Amino acid sequence: MGFRCGIVGLPNVGKSTLFNALTRTASAQAANFPFCTIEPNIGDVAVPDERIDKLAAIANSARILPTRLSFVDIAGLVRGASKGEGLGNQFLANIREVDAIAHVLRCFEDDDITHVEGRIDPISDAETVETELMLADLESTEKRAANLRKRASSKDKKILDELELIELALACLQDGKAARQADIPKGREQDFRNLQLLTAKPVLYVCNVEESSASQGNSLSAKVAEMAARQGAQSVVISARIEEELSQLDDEERLEYLGSLGLEEPGLNRLIRSGYALLDLITYFTVGPKEARAWTITKGTKAPQAAAVIHTDFERGFIRAETIAYNDYIALNGETGARDAGKLRQEGKEYLVLDGDVLHFKFNV
């Protein structure tokens with residue numbers, strides 16, 4: 001289980017090139033004209049995590065199953081999308097279905113690749129997309145608020161609760177701010193996410209730079225980093241062209257190529273870590289002779305709900321979770337050593353699973 005991240009941006013910023021590299025497919029046509037991606041292409045990729053390899057080596061696991069995440073390559077947006085311009089309606093519908101937005105911004109100069117706005121300005125590009133999303137949210141929340149106000153006289157708690165959240169979002173949008181900047185009451189965060197507002201989605205800015213700037217970024221990506229910091233968002237520097245080339249190489253060639261560029265790892269790894277941080281995700285493991293497997297949950301998830309990621313029966317019949325911290329599992333050479341050293345803990349229903357925990361669930365249904 002991972003998360004669903006939509007790759008968005010203006011046409012010709014490198015979205016489809018990045019998607020092809022990330023998923024190692026050529027299913028998304030990368031071409032030098034707007035709207036070459038008509039239907040949203042979806043690709044699942046494994047989340048690279050060296051911890052699972054070490055766990056599997058100790059347990060002599062026959063299979064290694066990393067957790068996976070989905071990238072969705074969404075058609076390029078243009079000014080006026082909120083009013084249906086270009087592929088606006090389709091773009092907005094597709095983006096509602098993702099958990100987070102990876103907003104690709106062009107941070108490179110290339111006279112051979114046209115820009116839909118006729119200039120290279122990633123900050124302006126980001127504002128164009130954000131404005132279109134805000135306009136679409138403003139229209140939908142105004143309609144929803146009007147409808148809910150009419151029904152509020154019934155004193156139905158569900159209606160009143162939804163109206164409260166819609167009003168908070170509407171106030172933000174009317175003030176020219178994204179809905180994610182609304183001050184949501186503690187404990188209501190999931191309810192707010194369930195409203196599926198476009199500007200409530202967490203944003204990761206992906207700075208697509210030229211090859212020579214892949215390790216340190218450039219002046220354009222620095223401006224994006226400053227913008228992201230002001231917004232409380234994340235940013236990452238990637239060269240889509242390098243990632244595309246890396247995707248065609250074997251492991252040895254990939255390492256050699258990365259070294260020649262002064263890079264320690266592919267941009268995919270940095271993108272995934274940034275995405276995990278954005279959505280507050282962590283990984284736990286199940287390990288045995290048959291398989292070592294990684295599972296993704298949200299930070300703060302209790303043991304029974306973490307078990308449900310494997311199977312709903314595990315949550316319904318949850319008894320306890322035998323738990324070993326990752327570092328203890330490695331240092332003590334597996335479950336037996338951890339048990340003998342008193343590092344295997346019996347955790348109950350209120351236990352908050354930690355990143356790297358090795359778990360074995362006991363349940364009865």
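Colleague: Is Glu347 buried or exposed in this model?

Modeller: Start with the cut-offs. Buried means under 20% relative accessible area, exposed means over 50%, and partly exposed lies in between, with a 1.4 Å probe and protein chains only. Glu347 has a relative accessible area of 18%, so it is buried. This is a predicted model: local features need pLDDT of at least 70, side-chain atom pairs count only at pLDDT 80 or more, and totals for chains, interfaces and linings use all residues. Residues are numbered from 1 along each chain as its sequence is written, and side-chain values use heavy atoms, with hydrogens and water left out.

Colleague: Where does Glu347 sit?

Modeller: Helices (H or I, at least four residues) and strands (E, at least two) are DSSP runs, numbered from the N terminus. Glu347 belongs to strand 11, residues 345-347.

Colleague: Which side chain makes a polar contact with that of Glu347?

Modeller: A polar contact is a pair of N or O atoms within 3.5 Å; within protein, one must be able to donate a hydrogen and the other to accept it, and residues adjacent in sequence count only if both atoms are side-chain atoms. Here the partner is Arg345, at 2.8 Å. Plain contact is another term: heavy atoms within 4.5 Å. Leaving aside neighbours within four places in sequence, Glu347 is in contact with Phe318, Arg320, Ala321 and Thr323.

Colleague: How many aromatic pairs does the structure hold?

Modeller: A pair of aromatic rings is described by the distance of the centres and the angle of the planes. Rings of Phe, Tyr and Trp (its six-membered ring) pair if their centres lie within 6.5 Å; planes under 30 degrees apart count as stacked, over 60 as edge-to-face and the rest as tilted. The structure holds four such pairs. Take Tyr284 and Phe361: the ring centres are 5.9 Å apart and the planes are at 85°, so this pair is edge-to-face. The pair links distant parts of the chain, with Tyr284 in strand 8 (residues 281-287) and Phe361 in strand 12 (residues 358-363), 77 residues apart. Tyr284 is buried at 0% relative accessibility. Phe361 is buried too, at 7%.

Colleague: Which residues touch the most other members of the largest nonpolar core?

Modeller: In soluble globular proteins, nonpolar side chains tend to be buried together. A nonpolar core is a set of buried Ala, Val, Leu, Ile, Met, Phe, Trp, Tyr and Cys residues joined through side-chain atoms within 4.5 Å. The largest core here has 51 residues, and Phe71, Ile95, Tyr205, Val206, Val224 and Leu271 touch the most other members. Helix 10 (residues 267-279) supplies the largest share of this core, six residues. Another core lies apart from it, with 17 residues, among them Leu165, Leu170, Leu195 and Leu197.

Colleague: What span should helix 5 have?

Modeller: The expected span of a helix is 1.5 Å times one less than its number of residues. Helix 5 (residues 157-174) has 18 residues and should span 26 Å; its end C-alpha atoms are 25 Å apart, which agrees. Its buried residues include Ile159, Leu163, Leu165 and Leu170. The buried residues of helix 5 pack against helix 4 (122-151) and helix 6 (189-193).

Colleague: Which residue caps the N-terminal end of helix 5?

Modeller: Asp156 does. One of its side-chain oxygens lies 2.8 Å from the backbone nitrogen of Lys158. After helix 5 comes Gly176, with a positive phi near 80°.

Colleague: Which residue has a positive phi of about 55° although it is not a glycine?

Modeller: Most residues other than glycine have a negative phi, and most peptide bonds are trans. Asn60 has the positive phi of about 55°. Asn60 sits in the loop between helix 2 (50-59) and strand 3 (63-65). Its relative accessible area is 62%, so Asn60 is exposed. Asp280 also has a positive phi, about 60°, and is not a glycine. Asp280 lies in the loop between helix 10 and strand 8. At 41% relative accessibility, Asp280 counts as partly exposed.

Colleague: How many helices and strands are there in the protein chain?

Modeller: The chain has 14 helices and twelve strands. Of its 365 residues, 50% count as buried.
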